[in-house]
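Subject: Structure for you to look at

Hello,

Here is the structure I promised to hand over. Please open it and keep it beside this email as you read.

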Amino acid sequence: MRMNQPDVDVIRTAAYEVFGADAVVRLFGSRTDDQKRGGDIDIHIEAAPHLATFANRIKLDGLIWRRLEEERKIDIVVAVKDGPRRLIDTAAIRTGIIL
């Protein structure tokens, strides 16, 4: 995984603040591959239906941007926990790393 621990802590803490302690927070995409370089930060969140909203996704994005020490491109995908799965949800769950 190509993320340092302070950044992982920022993402995980912010996600729990917005989506609750029961949320599942995963890193997926190129940052999970130690052989690659660069790339954006792809985050997949599974949250309770009443919390898995677009407004909360935007809120999380803002929190992470303010708390990380340098600017990074971040993509956040939010899914309803135990809800229907899209292809991106399936891929993130299969290949992602729980933070």
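A residue is called buried if its relative accessible area is under 20%, exposed if over 50%, and partly exposed in between (1.4 Å probe, protein chains only). This is a predicted model, in which local features need pLDDT of at least 70, side-chain atom pairs count only at pLDDT 80 or more, and totals for chains, interfaces and linings use all residues. Residues are numbered from 1 along each chain as its sequence is written, and side-chain values use heavy atoms, with hydrogens and water left out.

Start with R26. Is R26 buried or exposed? R26 counts as buried because its relative accessibility is 8%. R26 sits in strand β1. Strands (E, at least two residues) and helices (H or I, at least four) are DSSP runs, numbered from the N terminus. The R26 side chain makes a polar contact with the side chain of E46, at 2.8 Å. A polar contact is a pair of N or O atoms within 3.5 Å; within protein, one must be able to donate a hydrogen and the other to accept it, and residues adjacent in sequence count only if both atoms are side-chain atoms. Leaving out residues up to four places away in sequence, R26 touches several others, including D42, H44, A92 and I97. Contact here means heavy atoms within 4.5 Å.

Now the sheet. It is open, has 4 strands in the order β3-β2-β1-β4, and its pairing is mixed. Two strands pair if DSSP finds at least two bridges between them. The edge strands are β3 (74-80) and β4 (97-98), each pairing on one side only. Strands β2 (residues 41-47) and β3 run parallel, joined by 7 bridges. In that pair, E46 faces A79 of β3, and A47 stands opposite V80. β1 and β2 are antiparallel, with 5 bridges. There, V25 stands opposite I45 of β2. From β2 the chain crosses through α2 to β3, and this β-α-β crossover is right-handed. That term means that, with the strands pointing away from the viewer, the path from the first strand over the helix to the second runs clockwise.

Why is β2 largely enclosed by the rest of the structure? 7 of the 7 residues of β2 are buried, so the strand is enclosed in this way. Both faces are covered: I41, I43, I45 and A47 are buried on one side, and D42, H44 and E46 on the other.

Next, the core. A nonpolar core is a set of buried Ala, Val, Leu, Ile, Met, Phe, Trp, Tyr and Cys residues joined through side-chain atoms within 4.5 Å. The largest one has 23 residues, and those touching the most other members are I11, F19, I43, I45, L60, I64 and I76. Helix α1 gives the largest share, 7 residues. Beyond its neighbours within four places in sequence, I64 is in contact with V10, I11, A14, I74 and I76.

Last, T13 in helix α1. T13 is partly exposed, because its relative accessible area is 39%. A polar atom of the T13 side chain lies 2.8 Å from the backbone oxygen of D9. The C-alpha atoms of T13 and E69 are 15 Å apart, though 56 residues separate them along the chain.

Best wishes
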